[in-house]
Amino acid sequence: MASLELKKVEKKFGQSHVVKGVDLVVEPGEFVVILGPSGCGKSTLLRMVAGLEAITAGSILINNRIVNELEPRERGCAMVFQNYALYPHMSVAENIGYALKVAGLSKADRDLKIRKVAQTLGLTEFLERKPSQLSGGQRQRVAMGRAMIREPAVFLYDEPLSNLDAKLRVSMRGEIRRLHQRLGTTSLFVTHDQIEAMTLADRIVVMNEGKIEQIATPHEIYNKPASLFVADFVGSPGFNLIEGVYDSSQHAFVGLGGGVLSLDRAKTPTTLPPRLIIGFRAECAVVTGEGSDPSFRVDYIEDLGATKHVQGFFDDQKIIIAVKGDEALPSGSDFRLKIKADDLHFFDPMSGRRVVQ
Amino acid sequence: MIEKTPYLNFATYLVLAFGAVMVLLPLWMVFVGASLTVREINTPEIHLIPGTHFFENVMAAWQRGHLGGRLFNSLVMSVGVATGKVVMSAITAFGLVYFRFPGRMLIFWLIFITLMLPLEVRIVPTYAVAANAFWPIQTLLDVIGLTDAVDYILGIRIGLEWNLLNSYTGLILPLIATATGTFLYRQFFLTVPDELLEAARMDGAGPFRFLAEFLVPLSRANMAALFTIMFLYAWNQYLWPLLATPDRAHFGTTAVVELKLLAPTVSTNGGGTPDWNVAMAGCLIVMLPPLIVVALMQRHFIRGLIATEK
C-alpha cells in the first residue's frame, strides 16, 4: 500500500491552463474518486500521476518519493483505460502477462500469476481468446487483470466504466469495489458519473475548471457541499438554489421576488453576507397546506413511482421538490414549504463558496 | 453493390469477362508463341492453338539467356529491395510519427520531395554515385579545399572510391531510397490508437519494444502489401540494372534485362530467321517468379486485412 501526494500540480497546454494548482493527499489503501464535468482537467491530472503527461509545475509523490521525472513504468502505477486499450494482436493471457514479460519474468512464473489473476476475475476459460472475441464486460476485466498482475503501488482508473451499458456498469462497479476491499491498493478513479463516485469512493474530489472544489466523503459532499458548483453538480434532482438578500432586522431571507423565509437564529451562521444564495435538497422540503412559511406554486409533476418530482416556483424562482409517490399536488395550486433549519445551506454568490457556520 | 437485379448482374459479368479476355489474351498468345517452331511462328497467320515444342523452346531460352544465373540475380535484387524497403519505411515512419525532435517536419518534407524524383529523373547523378559512392564526400572535400590542404601538408592526395557497379548493393540501394513505403507506414501508424502506446508504456515497454512487439505484428498486412509491390517493382526494373551492370561477362545482369537480349535482332541472331518462339518462352520463365510471389503474398495480406479488428 502506498501513499500518493500532489503538491500544487499545474498543467498548461500552450495557452490553456488545464490544471490550476491541485493539492491532494491520498492515504495508503484509500479509494479516491475525482469527479467533475468533462473538460475540468480530471483526466489530465490522472495522466500526470501515471506519467503519460509532463507536469508543468508542482510535484507528485508516491510513497513520499518525487516521481515527476520518472517513466511510467518506474512509478509503480497501473492504469485502466476508458476504452480498455487491450493489445489486439495478443491473447487474453498475453495481454495480462505483458508487463511481466517486459519485466523479464520467466514463462513459468508468468503463467502461474496469469492463472491466479484470471481466476480472481473469472477469465480462466477465455485466456486463449483474442480481445476481439470478448464482450464489453470481459474486455473490461482483462484491462483490470492487466493492471492487477503488476501488484502496483497505485491503481489509476480513467473512466473505465463509461463504455459499458447501464446494467453492466452497475455490476462492474460492484466488482471494482469488492476488488479494492480485497487487495486494498491505493486507487485514484476518474469519472463524470456522480453515482459511480458516490458508490465507490472513500473520499471524493470534486473538480471544476482545473481546480478542486471540495475534498470530502460522499456523505459530506452530498450533505454539506462546500460550493455552489458542488451543490449543483452532485445529486439528482439537483440542489434548489434561491438568490436573495439577508434582512438582519427580522433575521430572514428575502428572495429577489419578495418571498420571505424566516431563519432560525440558533442554526444560521452568525455573519451572513448582504447578498445571499440559500440552497436545500429537493427531498428536504416538506409541503404543507397552511402556516406562514413561504409559498410554493406547483408547475408540473414527474411521477417516478416511488417518488414524485414536483417542479414549481418559489418566489418566482424555479425549484424542485421530491415528495412521496402517494401525495397529491394538483398543478397550479399553492402550498407552503417547510424546510428544517439544518437542511438550509448558505452560499456567498460572489465567491460561490459556502458560508461557514 | 447494393442493388441486385439480374440485368445488372449480367452486365457486370459481361464487363468483367471482357476485361479478363483483354488481359489474358496476350498472355495466351505468348504461351502459344512459346510452343511453336521457328517456321510456324514466322507465318503470317495468328496462332491461337498451342504447338508441341513448348519444352524445347523453354530449354533453348534457359540456355541461351543464362536464365539460371540471371533469375538468381533478379531474385537477390528483388528480395533485397523489398526487404530493405519494408525495414527502412517502418523505421523512418516510426521515427516521424512517434518522436518529437527538432527538424521533424523538415525531414518529413525532404522525404516527401523524393516522391517527385523517381529514379528515371535522377538517373545520371544516381549513376555517378553508384560508380563511386564516396563521390559526394570527395566533391565536398574538394570544394572546401581539404583535399588540397591535406595534399600540401601530408603529401597524400585523398581519393575516396567505392564502386557499386556490378554489385548487388549497387542494384538494390538506389531503388530503396523512395518515399512511398514511408508514407504507407506513416498513415498506418497514425491510425494506431494512442491508448495502445500509453498502455504499453504503463506496462514498461520502451520505444523499440513497442515497435517490435506492437507495430510490426499489427502492420503485418501492410508489410505483405508493400513487400509484394516492391518485389514486382524491383523485378520489372529495366533501366537501372541495364546501367548498373556493365560487366555482363562476370556479374551478368537481371532476368528482365536479359529478356531484351533474347529478343531476336540482326545483332543477336546474325540476320537469320527471328526465333520469337524462344523469346516468348523466355518471357514465360521470367514472368513466373513474380506470379508466385503475388499468389503467396496475396493470400497473406488479404488474411491480414480480414483479421484486423478495430
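These legends describe close-up views of a predicted model with chains A and B.

**View 1. The contact between chain A and chain B.** Chain A brings 25 residues to the contact, and chain B brings 17 residues. About 1,900 Å² is buried between the two chains. Carbon and sulfur atoms give 58% of that area. On the side of chain A, the most area is lost to chain B by A:Tyr87, A:His89 and A:Tyr98. Together these three residues make up 26% of what that side buries.

View 2. Three salt bridges are found across the interface of chain A and chain B. In one salt bridge, the side chain of A:Arg47 meets that of B:Glu198. The distance is 2.7 Å, N to O. Eight residue pairs are in polar contact between chain A and chain B, with both residues at pLDDT 80 or more.

**View 3. The side of chain A that touches chain B.** Four elements of chain A each supply at least two residues to this side: α1 (42–50), α2 (72–75), β6 (77–80) and α3 (92–103). Of these, α3(A) gives the most, with four residues. By residue type, this side of chain A divides into 15 nonpolar, four polar and six charged residues.

**View 4. A:Ala118 in helix α4 of chain A.** A:Ala118 sits in α4, which covers residues 107–121 of chain A. A:Ala118 counts as buried because its relative accessibility is 0%, and the cut-off for buried is under 20%. Leaving aside residues up to four places away in sequence, A:Ala118 touches A:Leu123, A:Thr124 and A:Leu127. A:Asp315 lies 197 residues from A:Ala118 in sequence. In space, A:Ala118 and A:Asp315 are 59 Å apart, C-alpha to C-alpha.

**View 5. A:Lys8 in strand β1 of chain A.** A:Lys8 belongs to β1, residues 4–13 of chain A. Phi of A:Lys8 is near 45°. That is a positive value in a residue other than glycine. A:Lys8 is exposed because its relative accessible area is 57%, and exposed begins over 50%.

**View 6. B:His66 in a loop of chain B.** The loop that holds B:His66 lies between α3 (54–64) and α4 (67–98) of chain B. B:His66 is not a glycine, yet its phi is positive, near 45°. The relative accessible area of B:His66 is 45%, so B:His66 is partly exposed.

Key: Residues are numbered from 1 along each chain as its sequence is written. Chains are lettered from A and ligands numbered from 1 in the order in which they are written. This is a predicted model: local features need pLDDT of at least 70, side-chain atom pairs count only at pLDDT 80 or more; totals for chains, interfaces and linings use all residues. Side-chain values use heavy atoms; hydrogens and water are left out. Contact means heavy atoms within 4.5 Å. Buried area is the accessible area (1.4 Å probe) that two parts lose on being put together, summed over both. A salt bridge is a side-chain nitrogen of Lys or Arg within 4 Å of a carboxyl oxygen of Asp or Glu. A polar contact is a pair of N or O atoms within 3.5 Å; within protein, one must be able to donate a hydrogen and the other to accept it, and residues adjacent in sequence count only if both atoms are side-chain atoms. Ala, Val, Leu, Ile, Met, Phe, Trp, Tyr, Cys and Pro count as nonpolar, Asp, Glu, Lys and Arg as charged, and the others, Gly among them, as polar. Buried means under 20% relative accessible area, exposed over 50%, partly exposed in between (1.4 Å probe, protein chains only).
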